[in-house]
Amino acid sequence: PASVRPSPPGSESPGPEVPALFGWEFATDPYPAYAWLRQHAPVRRTELPSGVEAWLVTRYADARQALADQRLSKNPGRHSEQAHGKGKVGIPGERGANLMTHLLNIDPPDHTRLRRLVSQAFTPRRVAAFEPRVRELTDRLIDAFAERGESDLIHEFAFPLPIYAICDMLGVPAQDQDDFRDWAAMMIRHGGGPRGGVGRAVKKMRGYLAELIHRKRLEPGDDLISDLIRASDHGEQLSENEAAAMAFILLFAGFETTVNLIGNGTLALLRHPAQRARFQRAAEAGDEGELGSSVEELLRYDGPVEMATWRFATEPVELAGQRIGTGDPVLVVLAAADRDPAKFNQPDVLDLARRDNQHLGYGHGIHYCLGAPLARLEGRVALGTLFRRLPDLQLAADTGDLRWRGGLIMRGLRSLPVTFA
Ligand code: HEM
């Protein structure tokens, strides 16, 4: 595991022991290491497991500032080779191919134009109208294991729900959705590594989406892809390539994140009995407002996105007294910012009654999560239904046995074995 070198710049004394980053222990519980960084080296050049060096930004105020700073670009520019190492949030097997020209990888003015176009199709109204479908999907998935008394909730619940939901919304016909589930499984299993399976999965997905978009252009329906094709802005329309890249990023950005929201959220509730009792009461009473604000706190406490996607300085940027050089990669650690005591009262306490919860779990600034309304809907319905229908849900394994995926950008469990009566 890579560790940060002792003696923070500017200090003569060696300082306290620097925690190891990115090892197994860190993957299980990164929060003590983040507390150390926030306190001693809030903007710190750090060697990542891939060997790439990046600036880690861990305090809330700095994180928010960095996310809004237009000098921190999504375009790696001349440092692209270095940045394509392990842990890059890009899509293995897709280097330079057209699926990569999506929102998370581009700057204004292209970003502004594409985001405006997709916002015409991916509307809050569409998401709200989707709620009955999410409920139906959630119940169907729980029905499949409810009689058995045990389940791996990642495999049987958290994983399939978001992929079926986004497929439905996009307009992928029901008979093709299991292919998507399998491709997504390949991508998540090998996440980040340029291994054969991922490249093949992406290639299949790309081929499928291109054909689907072509079909929807000829025969539009009442789905998101048809609306993406229809969307136009000052006479401009999405090209077929742009529409395919957009459909792909909706799948890619909206899938593993939501898996982890359900997985991490369930685990946090199971580990905090009083909070869980509170959540369960809200679920039984159908108090959607309370469930919604609880999900926000679950996101703050142990969110799906540990670090925001890569940014690169286009000119020297000063942050918390550090000078970030031109071309330097920057990783904003959302998980650390959301536990900053300078922003949150008792940040290490899970408190579902917390209000005015301005966490950074969905990012901030122009790249703020486009899918947040859908993620909120899925989180509220999935967790609310799960704890209402299986009120005596328990962890099957000792929580010390739980294994985390250990990627750089995402934080989530490999499996979550539970039992219930
Ligand atoms: C962007 C978090 C679910 C689509 C982001 C970003 C974060 C985030 C932190 C900003 C990344 C950055 O600035 O580097 C989450 C979380 C989710 C979730 C925690 C679930 C709990 C979804 C869903 C969708 C989605 C369900 C779509 C169906 C997107 C898109 C972007 C994005 C398209 C890029 C926006 C842009 O660059 O303008 N998300 N997301 N996300 N998210 Fe989400």
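Helix H9 (residues 160-170) is largely enclosed by the rest of the structure, because 10 of its 11 residues are buried; a residue counts as buried if 20 or more other C-beta atoms, placed from the backbone, lie within 10 Å of its own, as exposed if 12 or fewer do, and as partly exposed in between. Helices here are DSSP runs (H or I, at least four residues), numbered from the N terminus. This is a predicted model, in which local features need pLDDT of at least 70 and side-chain atom pairs count only at pLDDT 80 or more, while totals for chains, interfaces and linings use all residues. Residues are numbered from 1 along each chain as its sequence is written.

- The buried residues of H9 are Pro160, Leu161, Pro162, Ile163, Tyr164, Ala165, Ile166, Cys167, Met169 and Leu170.
- Among the elements that cover these buried residues are helices H7 (131-146), H8 (153-158), H10 (177-189), H12 (224-230), H13 (240-271) and H17 (372-389).
- After H9 comes Gly171, which has a positive phi near 105°.

**A cis peptide bond**

- Pro108 and Pro109 are joined by a cis peptide bond with an omega of about 5°, and Pro109 lies in the loop between helix H4 (80-83) and helix H5 (110-121).

**Positive phi in residues other than glycine**

- Phe22, in the segment before helix H1 (24-28), is not a glycine, yet its phi is positive at about 75°.
- Phe22 counts as buried because it has 21 C-beta neighbours inside 10 Å.
- Gln346, also not a glycine, has a positive phi near 45° and lies in the loop between helix H16 (334-337) and H17.
- Gln346 has 9 other C-beta atoms within 10 Å, so this residue is exposed.

Definitions and conventions:
Helices (H or I, at least four residues) and strands (E, at least two) are DSSP runs, numbered from the N terminus. Two residues are in contact if their C-beta atoms, placed from the backbone, lie within 7 Å.
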